[in-house]
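Here is a short note to read beside the model. Take the points in order and find each element as you go.

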Amino acid sequence: MSDTPPVPRLHVETTRVDDLKLLIPLIDPRHPLIWMRKGQGIAGIGEALRLEFSGPDRMLDACAAWKEVVDAATVTDPISAPGTGLVAFGTFAFADDSAASSVLIVPRLVLGKRDGRFWITRTSVEGEDPASVVTPTARPLGPEYRISLLPGAVSAEGFRASVDAAIARIADQQLSKVVLARDLTGHLPAGSDLRRPLTDLALGYPDCWTYAVDGFVGSSPETLVRVDHGTVSARVLAGTTSRGTDAEADQEKAVALATSTKDLDEHGYAVTSVMAALTPHSRNLTVSEIPFTLKLPNLWHLASDIEGTLSDGSTSLDLIAALHPTAAVAGTPTSSALALIHELEPFDRGRYAGPVGWVGADGDGEWAVALRSAQVDESGDITAFAGCGIVTDSDPEHEYLETKMKFRPIVEAFG
Ligand SMILES: C=C(O[C@@H]1C=C(C(=O)O)C=C[C@H]1O)C(=O)O
């Protein structure tokens, strides 16, 4: 079921600018919109249009609604690069029955930087004075704050017990892999400036997608899908180990991960699920022959890059609908894994592990799996989730420690 307002006519104009310094100081402290990696990306200010979706068809409904918005819009875009012209930032709930809304937001103003090019896109709704969309200036960050995030619905013992239960189901051959998460919760002081944690995430995790959409913030290393002028790509992650305490130990960790049967199995399920979802929409789909080790400040992941050519004109929204949920965040087979998640996780994942990113007028876009994330509500309540893939050889204590590593970006950005 979706709840979409009538489609307004948007007037969108992109202009090239000489330079844009840092994006984060320009955005709204309470309602930041950002998508960036390696210092490049797009930042949004205000809302020209907000579309909300829910239910099992939330992504397909978003595809249909976005087509209507695009058809009704007038777009002037002399640059025509990823992120210029009409764009919407989006975040989608993980589960079909989630109480969390899924949204597409077209900002009034988008500021972008990519490959040495800088631009501003102004969007007004028909009938409005386009001059009312003013260019922002950098605002100093609000007061510093540090909060603690503590176990919410699931304690450490509770999580280990769920992992045990999942291992038993796998031993029973009810499924091959399931991804189980636990939650941390906290409360932000009134008026907290969300640009502070976002700055920490963007600087601390430059190789990850730092995002903020509708109070949902984080830094994800996993590209669900990227569509750019007919090419489709994805980065699949699954299989994790801690960083070593010195260079030699670190290298040993990476080698052990790359040769661990347990992690390679876990990774294989995730790659297979992405290949199966993309194959009907692509040709020449290739995947790294063997997974490589991806080094992040807090951990190592096993990673595979997938690339191909779009064969059926799908938009990035069509593809997130086809891909979600991959075995990196649900399990294998998908339906049994989702049923077990429902049974063992006593919470709604909200937008955690769902698609987060942006879509353009031509359907191109970049979407990450919303990992290393936190949802900040208007009241200041904050909820974060982290999970890990459970397979037959998993060990509950080890998996618990893995969630701790995965919480680190968010815990340190807010703490
Ligand atoms: C589920 C998460 O991460 C996913 C699970 C991984 C694993 O089990 O090794 C690795 C990367 C992600 O695909 C998370 O960060 O919460």
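1. Strand 23 and strand 24 (residues 381–390) pair in the antiparallel sense over four bridges. Two strands count as paired if DSSP finds at least two bridges between them. Helices (H or I, at least four residues) and strands (E, at least two) are DSSP runs, numbered from the N terminus. Four residues lie between strand 23 and strand 24 in this hairpin. Gly380 sits in the turn and has a positive phi of about 95 degrees. Across the pair, Ala374 stands opposite Ala384 in strand 24.

2. A word on the basis. This is a predicted model, in which local features need pLDDT of at least 70 and side-chain atom pairs count only at pLDDT 80 or more, while totals for chains, interfaces and linings use all residues. Residues are numbered from 1 along each chain as its sequence is written, and side-chain values use heavy atoms, with hydrogens and water left out.

3. Strand 23 (residues 373–376) has another partner. Strand 14 (residues 216–220) runs antiparallel to strand 23, joined by three bridges. Phe216 stands opposite Gln375 there. Which way do the side chains of strand 23 point? Ser373 and Gln375 point one way, Ala374 and Val376 the other, and all are buried. Buried means under 20% relative accessible area, exposed over 50%, and partly exposed in between (1.4 Å probe, protein chains only).

4. Now look at strand 5 (residues 49–53). In a regular strand the side chains alternate between the two faces of the sheet. Leu49, Leu51 and Phe53 point to one face of strand 5 and are buried. Strand 5 runs antiparallel to strand 8 (residues 102–106), with five bridges. Arg50 stands opposite Ile105 in strand 8.

5. Next, helix 5 (residues 261–278) and helix 6 (residues 316–323). Their axes come within 9 Å and cross at roughly 135 degrees. Axes are lines fitted to C-alpha atoms, for helices over the stretch in contact, and angles run from 0 to 180 degrees between N-to-C directions. That angle makes helix 5 oblique to helix 6. The classes are roughly parallel under 35 degrees, roughly antiparallel over 145, roughly perpendicular from 65 to 115, and oblique for the rest.

6. What meets between these two helices? Val274, Ala277 and Leu278 in helix 5 meet Leu319, Ala322 and Leu323 in helix 6. The residues of this contact are six nonpolar, no polar and no charged. Contact means heavy atoms within 4.5 Å. Ala, Val, Leu, Ile, Met, Phe, Trp, Tyr, Cys and Pro count as nonpolar, Asp, Glu, Lys and Arg as charged, and the others, Gly among them, as polar.

7. Thr279 lies in the loop between helix 5 and strand 17 (282–287). Thr279 is partly exposed, at 45% relative accessible area. Thr279 and Ser311 are 32 residues apart in sequence, yet 9.3 Å apart in space, C-alpha to C-alpha.

8. Finish with helix 2 (residues 156–171). Helix 2 packs on helix 8 (residues 396–414) at about 125 degrees, with the axes 9 Å apart. Helix 2 and helix 8 are therefore oblique to each other. Residues in the contact include Phe159 and Arg160 of helix 2 and Glu397 and Tyr400 of helix 8. By class, this contact has six nonpolar, one polar and four charged residues.
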